[in-house]
Every structure is written in structure tokens, then in C-alpha cells.
Amino acid sequence: MSYSNTRLVPPFHRSPSSVAIRAVASYEAGVEAVLWETLQELGPPVRDKSVLLKPNFVEPDVEGTINTHPVVIRAAREAFLRLGAKTVIVAEGPGHERDTEAILEVLRLSDYVGPLDRSFVDLNTDEVSQVSPRTHASKLKSLCLPKTVLAADFVVSMPKMKTHHWVGVTLALKNMFGIIPGNCYGWPKNVLHWAGLSQSILDINSTIRPDFAIVDGIVGMEGNGPIQGAPKACGVLVAGSDPVSVDATCARIMGLRPERIDYLRRASLLLGNIEEARIEQLGETIGATCKPFEMVPAFQELRA
């Protein structure tokens, strides 16, 4: 959602949300067809709009368990173009690695989306504008946001399904940390940590709420995530237009109670639905796809 259109909606004024869970055995198992079918069913309104795909790129990873897989990014890009999007770009500001080009080279992203000078924007070095956050949960008085993000008509958060050793899980909402430019906030964007992680997640997403989320849970990460955990073959893609509902659904698939995740509970007050009864599940059921993730000791209480 563009910055000017982001709205805060309390639960009593909010409609139910739809979230699709799709079983995908591997990255070679027809991701493009599955995602195209899913987007046709959910119908994101992208015709004639500029679409920005925000994956989760953290650091070079030859094992493929840290970053959003490029097969999923390619499938999303092609599907949004088929739905009539005017343009589709990939944009990210990695949180750990200053050398974004090194991450892209290891991922071989250009093999999947074409020449990067036309299809990728490094948000860590993009021009910025200073804006006021729409909530004030953290100590941040303002946000410096990339002009590429502010200009986009339609923002899609595309995280990897992972545990996180500071906030429990990192999914569609936490993934939006990557729009915060390293040139302004440093690496690993410690200003956000000092301002309060959960609170910063709320302030960023209340200001630029993703219009859509696609979670790469084909192979996720459990244990000491988001970079030192173990691969977790979960075999799902999870998608929807309410990022809070998408994250809540992913948490349930991971064997967790979303209402016990502090930033998700906060986000449910103004940004989206967290209650299972308010989420229409399409495709697979949570019960059929649930594969409990290992958690670090500090977050054992999140388990269902």
C-alpha cells in the first residue's frame, strides 16, 4: 500500500481476511503454477500498478535457508505481470551484509529476474524522504524511507518462514525491517533494536503496510534463527492481503500461538486479524501442514 493510502483499522471495523496455504514439496515442484493459481484466486488489485516485491535477503547463503528463494521471487514477478501490473521490481536493503551485490551473486538473482539494473533496487542506498510514523509505539520520532518504496503503488512482503532469537519469528511484518536504509540506520540497523524491536515493527508496518504477503515456507529455518538455525522443510507457500493474518497462519503452521508473539499481538489491534475465527483458510488446512519448529529456550512459551 502506498504511504498515502495506509490506514489503521481497529478490529471492530475490520472485515475477515483470507489466507491461502499451498503445499509445495520443493523448489523444483512447479512453484510458478501454484503461485499463479493462488494469486488468481485471491485477486490482488494490481492492474496498471507499480508492484514492489520485498524479499528477505540477509547475507550470502549457499545453503539456501536464510534468504527468500529466487524461484519464489520469479514466480511472483511473473504472476503479477500476468495479472496486469504495470511494472514489477525487486527491492531490498539487507540487514547484515553491506555488500548487497555479493548476496545477489550467490543467489544468482539475475538468472531468475533478468538484468538487475532494471529489476532490482538496493534500498540501503536509495534516496530517502523523512516521514512521520503513523503509530508511536517505539522511540522513533520519524522514519527515513526509500523513495522507491514510497512511490510504489503495491508492496508485497516476501519473507522466509523462520524463527528469530529476539522476537520469536520473522515473517511478513518483521521482513519490512529491510525497507529501512542502512545508509541512514547502519548495519544491522541497530537503531531499530535500541528503539524497541516489537515496537519498531509496528511503527514501520503502520506507516508502510504491505498490500500482500507471500511467505516462502518451502524450506524455512528453525532453532536459532534468523541466520544460525537449522533448515526446516515445511513444504508450504502462504499468501494473503492481510499480513497480520498471513503471519498468524504461519505461526500456527510452525506450532506456535500467534497471540503470544508480542509484535503480532500489537499489530492485531490496528493492522489486521489474528484470530483463527476471523481468517478464512484457503487450500490446505493448518492441521494438515503443521510442522512444529524448534525454538530457542527464551521462546518456548510461544508453543501451542
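User: Which residues of H1 and H2 meet in this predicted model?

Analyst: In this predicted model, Val31, Glu32, Leu35, Trp36 and Leu39 of H1 meet Val71, Val72, Arg74, Ala75, Ala76, Glu78, Ala79, Phe80 and Arg82 of H2. By class, the residues of this contact comprise 10 nonpolar and 4 charged ones, with no polar residue.

User: Why are H1 and H2 called oblique to each other?

Analyst: Helix H1 (residues 31-42) and helix H2 (residues 70-82) pack at an angle of about 45 degrees, and their axes are 9 Å apart. Angles under 35 degrees count as roughly parallel and those from 65 to 115 as roughly perpendicular, with oblique kept for the rest. The value of about 45 degrees belongs to neither of these classes, nor to the roughly antiparallel one over 145, and H1 and H2 are therefore oblique. The crossing of H1 and H2 is right-handed.

User: What is the handedness of the crossing of H9 and H11, and which residues meet there?

Analyst: The crossing of H9 and H11 is right-handed; helix H9 (residues 197-207) and helix H11 (residues 262-270) pack at about 35 degrees, with their axes 9 Å apart. Ser198, Gln199, Ile201 and Leu202 in H9 meet Asp262, Tyr263, Arg266 and Ala267 in H11, and the residues of this contact divide into 4 nonpolar, 2 polar and 2 charged.

User: What makes Cys144 and Cys250 buried or exposed?

Analyst: The cut-off for buried is a relative accessible area under 20%. Cys144, with a relative accessible area of 18%, is therefore buried, and Cys250, with 0%, is buried as well.

User: How do you know whether Phe154 is buried or exposed, and where is Phe154 found?

Analyst: Phe154 is found in strand E7 (residues 154-158). Its relative accessibility is 3%, which is set against the cut-off of under 20%, so Phe154 counts as buried. The C-alpha atoms of Phe154 and Ala233, which are 79 residues apart along the chain, are separated by 30 Å.

Notes. Residues are numbered from 1 along each chain as its sequence is written. This is a predicted model: local features need pLDDT of at least 70, side-chain atom pairs count only at pLDDT 80 or more; totals for chains, interfaces and linings use all residues. Side-chain values use heavy atoms; hydrogens and water are left out. Buried means under 20% relative accessible area, exposed over 50%, partly exposed in between (1.4 Å probe, protein chains only). Axes are lines fitted to C-alpha atoms, for helices over the stretch in contact, and angles run from 0 to 180 degrees between N-to-C directions. Helices (H or I, at least four residues) and strands (E, at least two) are DSSP runs, numbered from the N terminus. A crossing is left-handed if the near helix is turned anticlockwise from the far one by less than a right angle, and right-handed if clockwise. Contact means heavy atoms within 4.5 Å. Ala, Val, Leu, Ile, Met, Phe, Trp, Tyr, Cys and Pro count as nonpolar, Asp, Glu, Lys and Arg as charged, and the others, Gly among them, as polar.
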